[in-house]
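Hi everyone, thanks for coming.

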Amino acid sequence: MSVTENTLIDRKAELATASVQRNKSKTGFLRDRSGNFAGATALALFPLFAGVGLAIDYSNLTRENSQLQNAVDSAVLMAGSYYYEHNQLPPVGEVGRYLAVNGFETAEVLSYELKNEEIYLTAKLFTETLIFDMFDDEGSYHTASATVPIAPDSNVEIALVLDTTRSMREEGRLDALKVAASDFVDDALALAPPSEPDVVQVAVVPFSNYVNVGMANRNASWLDVDADEHTTTCRMRTEVVAKYGCRMGEVVIPGRMVPERCTPDFYRDGVFVAGSCEPEHWRPERTEQRETCDRYEEAEREVCNTDSIVWSGCVGSRAYPLHLEDHSYGTRVPGLMNQGCASPIIPLTGNGSSLKSSIRGFVGHHETFVGTGVSWGQRVLSPARPFIEGRAYGAETRKIMVVMSDGDSTISPGTDGAYQRHTNRDKTAAKNLTIEACADAKEQGIRVITIALGTTFSVEGEEALRRCASSAADFFHAEAAADLGKAFDDVFSAIFTLRLTS
């Protein structure tokens, strides 16, 4: 081994020995100072741990407080909806269960009351914390409160424009309408506080081929009605006044060939009615019991018949476009003589008995023209004649027209000077006139909500109701009579949406 190699080996040994000594010294130093170092470290880390704990506590409390507020908001809205339906508050236990279902089993209802037409609810929740509980043995509580009014925040006027045509007698539709509309009236009028019963008012506008404005308006300045006429005609007629020597006996009726008799298929208010045929056939000879007499005594007497031309409340159309608009009543509305139509209009009122009595009396007759119902729906909401029960248009009064029909319009006003009577069967013209009538109402600030009942609408018929509605959300569809109640409930919710006030 060379000198150089020995030198390198010795140097490596020295370095290794020095490294071992340094490690021993470090270990000893740490062991000797362990008590002081741990205490100092703990003191240094406590503010850090406390800060982290406080941040976690604050985050948890903020999150739970927000969630509790949402749950209380939801619970008070539930109580408001329950009040709408039952005219009383749900039990406090029900509110507590509602909070529990929403994840707050330990929440406590502190206050819950109906006062000044508002429902008040306050709930308290205990939350476990990391740091706050060290300074408060009772734990951390936070509360949330919410208030919802049970009375409308403005005057509300609603015109129920309802289809009472022949087709409504099919599949129980008319009966379903009577129940749904009556329930709607009850629910709406119940929202008016006792101190202000006229805050909510409802009108009923039944329509079919025409609208009935009511006999009480016969002499109104905006209406042109002829006087009733009664014409009596008499003639002499010979009648048998006595019979002698009468007896019953068989009479032979000879056989004969009966020709074919057919009735064609037809539609009545959009409802298909199948025709039928009785083929040509031989009717055989038969006998009947008849009275025969030996002598008859006759005499002449005067027989009189009275023909009447009377007005029953039905009105036709003014010349276009006044038929669809609510002004210029110097051009008066034509009253139609000897014409049947729907039940009379019930103007805006808070009298539920009167409204429901009208609804119960609906009888499905005649053809459909939705446009005439819409135009008179606007007129009952207007503050001016023909009907003056409505408040002035403006922000202080919400005016809503609910239009319900079970099918296309089947008739429309006539042309060439015959517009007063609805004798046309142009469905496209009827659709366009209906849409125009709705547009005019919406221009006045009336919110139009429509309900299509059934599945017999054509594309044009459904389009008319969709375009009549103030928005896509204001169009509802009930596929069958059984669905009509829910549709009216949805309309009610759309009008009287509960809003939190705090």
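Let's begin with a definition: helices (H or I, at least four residues) and strands (E, at least two) are DSSP runs, numbered from the N terminus. Asparagine 209 lies in the loop between β5 (200-207) and β6. Before I go on, this is a predicted model, where local features need pLDDT of at least 70 and side-chain atom pairs count only at pLDDT 80 or more, while totals for chains, interfaces and linings use all residues. Residues are numbered from 1 along each chain as its sequence is written, and side-chain values use heavy atoms, with hydrogens and water left out.

Is asparagine 209 buried or exposed? Buried means under 20% relative accessible area, exposed over 50%, and partly exposed in between (1.4 Å probe, protein chains only). Asparagine 209 has 7% relative accessibility, so it counts as buried. Its side chain makes a polar contact of 2.9 Å with the side chain of serine 208. By polar contact I mean a pair of N or O atoms within 3.5 Å; within protein, one must be able to donate a hydrogen and the other to accept it, and residues adjacent in sequence count only if both atoms are side-chain atoms. Not counting residues up to four places away in sequence, asparagine 209 also touches several others, including His366, Phe369, Ile411 and His422; contact means heavy atoms within 4.5 Å.

Now for the whole protein. The secondary structure comes to 10 helices and 23 strands. Of the 502 residues, 41% count as buried. Among contacts with a separation of 6 or more, 76% are between residues 24 or more positions apart.

Next, a sheet. Four strands form an open sheet, in the order β6-β18-β19-β7, with mixed pairing. The edge strands, β6 (211-212) and β7 (223-224), each pair on one side only. Two strands pair if DSSP finds at least two bridges between them. Strand β18 (residues 311-315) and strand β19 (residues 333-337) pair in the antiparallel sense over 2 bridges, and tryptophan 311 stands opposite methionine 337 in β19.

What about the nonpolar core? That is a set of buried Ala, Val, Leu, Ile, Met, Phe, Trp, Tyr and Cys residues joined through side-chain atoms within 4.5 Å. The largest one has 63 residues, and Ile158, Leu177, Leu484, Ile495 and Phe496 touch the most other members. Apart from it lies another core, of 42 residues, among them Val333, Trp376, Ile411 and Leu433.

Let's finish with threonine 238, which is found in strand β8 (residues 229-244). Threonine 238 is partly exposed, with a relative accessible area of 45%. Leaving aside its neighbours within four places in sequence, threonine 238 is in contact with Glu298, Ala299 and Glu300. Threonine 238 and valine 303 are 65 residues apart in sequence, and 9.8 Å apart in space, C-alpha to C-alpha.

That's the tour, so please ask away!
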